[in-house]
Amino acid sequence: MTSEGSARMERHEVLDPRRGAADGTSVGATHPALGRFLARPDSRERLLILQAPGGTGRHRFASGWLAAGGEIPGTDGSSVSSRILDWEHAAGEPQAFIELVGNLLADPHGGRVAVVAGPTVPVHRLAASHACALAGPRAVMLTHQEVAGLGGPDATARAFAAAGGWLGAVEVLLADPDNLEGAQSAVLSPLLRWLAARDPERLAAATAFLPAYSQQTLEAFSPDLPGALPTVEELHALGLLSRDDRGEWFMPALVRNLLQQVFRDEDPDRASALNVAAAQAMADTGSVEQAMETALQSRSWNRIAELLLEHWVDLYIANAQLLGKFVGRLPRFLLERVDAIGVAARVAAGAGPDRMVFLLPSLEPDYARDETAHRLKKTTTRLYRAPDTWALTMGMLELSHLRLAGHFVESGHAALRLRQALEKVTTQSGVRPVLAGFTELQAGISLHLADRLPEARAAFEAAAYLTRDGVNDYVYADASGKLALLAVHEGHLEAARDWLARHVQPLSTVKWGHPMVARTGILARIELALANLDLAGAREQLDLLPEDVDTDEYWCAHARVLALVQTLEGQLDAAASLVVGWRQERPYSARAPLAERLLTEVFHLAQHVTGENPPVPHWESSPSLANLEALRCLRTGNPDEAVRVLYRPVRTGSRNLAVADLLGVLARTGALPETADEHVLGAVAEARARGAALADLAGLHQLGWTPVLHAAGVLDQDDVARLESTGMTVTSLSPRPELTQREQSVLDLLRQGMTRRQMAQATFRSENTIKAQLSSLYAKLGAASAAEALQQARHYGL
């Protein structure tokens, strides 16, 4: 060895742990990471090469490793058998240093040697020359568990979040949690000196602008820098990343802030560009919340607007309340400048802790004067010519505005336009399944509230198909619950049960919005219970909903089941009052076609349960109302009119169709409970098998059919008990009069408008005989005139 090399070694050869650590960390205690390192098989080698930044307790670590070998360095250097050697710079010939280490190791009784190396020295040349344990920053950087062993849980959690595995800064913060300046000083110089040599292009430092770390995020991060960004493992090896208690990567706050500040001080434009690139990377990898936070911190308003409009669906699904908070942090000029942002703000404003609180229209809807609606339609019309994901976002915001403003029919029209645009996007360029599914879901809601049930079903089914198999449980759970309720509204009870079975598992994974997503499924279960006259089961499900009707978009479905329960429990006046009250309190939202139909159906059902028989208005537009009107015609003895009613509107749901066919058999045969034959009883049984519910036989129960159907085995004892437990008034039709052949002949002539003389001439009878036969006919029909006789004949189907 040269004398120069020997002198250089003398300056660095010994560190007394009782005097203080060369890198500024405390001494006298074992390095917290040493135990982890000593578990490595190579830790038993006589040579340790430790290349790590200062501030990590590297000398303390080396001293502890020497002590683990059984020998402690002396204080005067005169009888030292084990040594800590600093190799900070590669000045001069590295071979001389390598030879010196070799001389120390040549003595088999000379003990261990620890080399603390700087960032630029060629440690691998030393490692190639001598058997050793080679350790980098990962060896000395503390883990979460190691920091947790240094103090109380709250203090160590804060210290680890701020300083990560940097021992010096951790110790400063544990001694004084408010001493952030001291902790930063413990990191500042060591970190910058380390990275100046290890990251000259600042590729690793640029990743400090990312708010979260994964390999996927790093691959999506595309700043304008020369060279490829390091991987997660490479950042960890540099000492920049640590793992939290959940095993997730993070960059300590002190390190992030320090590196970001260096960029801002030296190149503000580059720092701004890195912020934008970081926000885009987070958005591209699904971390939209973090992307928005990153953009807000840099006050990149245009980018914020783009992120909000491109990814509000992701934010809404994750937690719409967060969406509301982000929108609330936007400057007023941005909210006022863009219609879409303003609509998004209105939607987000309704986000509560666990569900959306919708504002019902408070002003008379006037689509012709709604300037926002017309601007949105103009925008979407233009975008739909060559649609993309931006067009879908604008389309959904258009639907939201129309529904919030009470334009339910127009919202249904807009939903069909949006679905056509989505089909084009999917065919031409593709779209993320979650965005496509959410688009279909929103279109389905608009169509459902517009009472366009087949078209709504198609949209909901598409949403469920796109998000099935765990693609997005939120959208699938919402779509399947709405499909169950829609199936009930269409009269497909078995389909409703099937969708409810698919609804349970994905619903269990929904966090924010769970009560809102669960609601339509609960309403469907109540409808199914009521269809089976299971009032106890319906009440049990009702307990899962708010006690009173709130402002959920499906409030009318909730209102319907509340009124229906009271109707079936015999509280008929209360049920009717509820419907009247809702229409008065919600005059504009009650005009939604679905709301209008559901409230009308339950209101008229309550009237007919009492046994009253007023005509059902507007039955031509509703299969349920038409069936109710046909039943009314049968109750009043007018089977011919019942048959006419059964031809329109067209029955589509299996339930409505089965009930209509049953009423048709009763109308055409004129069957009464006491005259029912096997054909009629078979028709009742077939109707139940084809989808008619027990509640659909309530009309027959009112006419006295229940004992007959029970005796024939069509109803069991439980069915009978449920029918008898309702508040329905049991009445009966008066029997149809039996006419003689002569009386029937006179009735036919009366229909032809003949006088008594004309009848006598046509039948070759005297006028007195005709007069007697007419008197007998009038008596049997309960009529006082020819007109009344003809009306009663129609009533009885004669």
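Q: Leaving aside its neighbours within four places in sequence, which residues is His-558 in contact with?
A: Its partners are Arg-519, Leu-523, Leu-542, Leu-545, Pro-546, Asp-548 and Val-549. Each counts because contact means heavy atoms within 4.5 Å. This is a predicted model: local features need pLDDT of at least 70, side-chain atom pairs need 80 or more, and totals for chains, interfaces and linings use all residues. Residues are numbered from 1 along each chain as its sequence is written, and side-chain values use heavy atoms, leaving out hydrogens and water.

Q: Why is His-558 called buried?
A: Its relative accessible area is 1%. Buried means under 20%, exposed over 50% and partly exposed in between, with a 1.4 Å probe and protein chains only. His-558 is therefore buried. It sits in helix H29 (residues 555–568).

Q: How much of the chain counts as buried?
A: Of its 798 residues, 53% do. The chain has 42 helices and six strands. These are DSSP runs, numbered from the N terminus: H or I over at least four residues for helices, E over at least two for strands. Among contacts with a separation of 6 or more, 68% join residues 24 or more positions apart.

Q: Why are H20 and H21 called roughly antiparallel?
A: The axes of H20 (residues 371–383) and H21 (residues 389–404) cross at roughly 155°. Over 145 degrees counts as roughly antiparallel, under 35 as roughly parallel, 65 to 115 as roughly perpendicular and the rest as oblique. So H20 and H21 are roughly antiparallel. Their axes come within 9 Å. Axes are lines fitted to C-alpha atoms, for helices over the stretch in contact, and angles run from 0 to 180 degrees between N-to-C directions.

Q: Which residues of H20 and H21 meet?
A: From H20 come Thr-372, Ala-373, Leu-376, Lys-377, Thr-379, Thr-380 and Leu-383. From H21 come Trp-390, Ala-391, Met-394, Gly-395, Leu-397, Glu-398, His-401 and Leu-402.

Q: How many bridges join S1 to S3, and how many join S1 to S4?
A: S1 and S3 (residues 113–117) share five bridges and run parallel. S1 and S4 (residues 133–135) share three, also in the parallel sense. Each is a pair because DSSP must find at least two bridges. Ile-49 stands opposite Val-115 in S3 and Leu-134 in S4. Leu-48 has Ala-114 as its bridge partner in S3.

Q: Why do S2 and S4 stand at the edges?
A: The open sheet has four strands in the order S2-S3-S1-S4, with parallel pairing. S2 (83–87) and S4 each have a single partner strand, so one side of each is left without a neighbour in the sheet. The twist averages 15° from one strand to the next. Helix H3 (residues 58–68) lies across S1, S2 and S3, at about 170° to S3.
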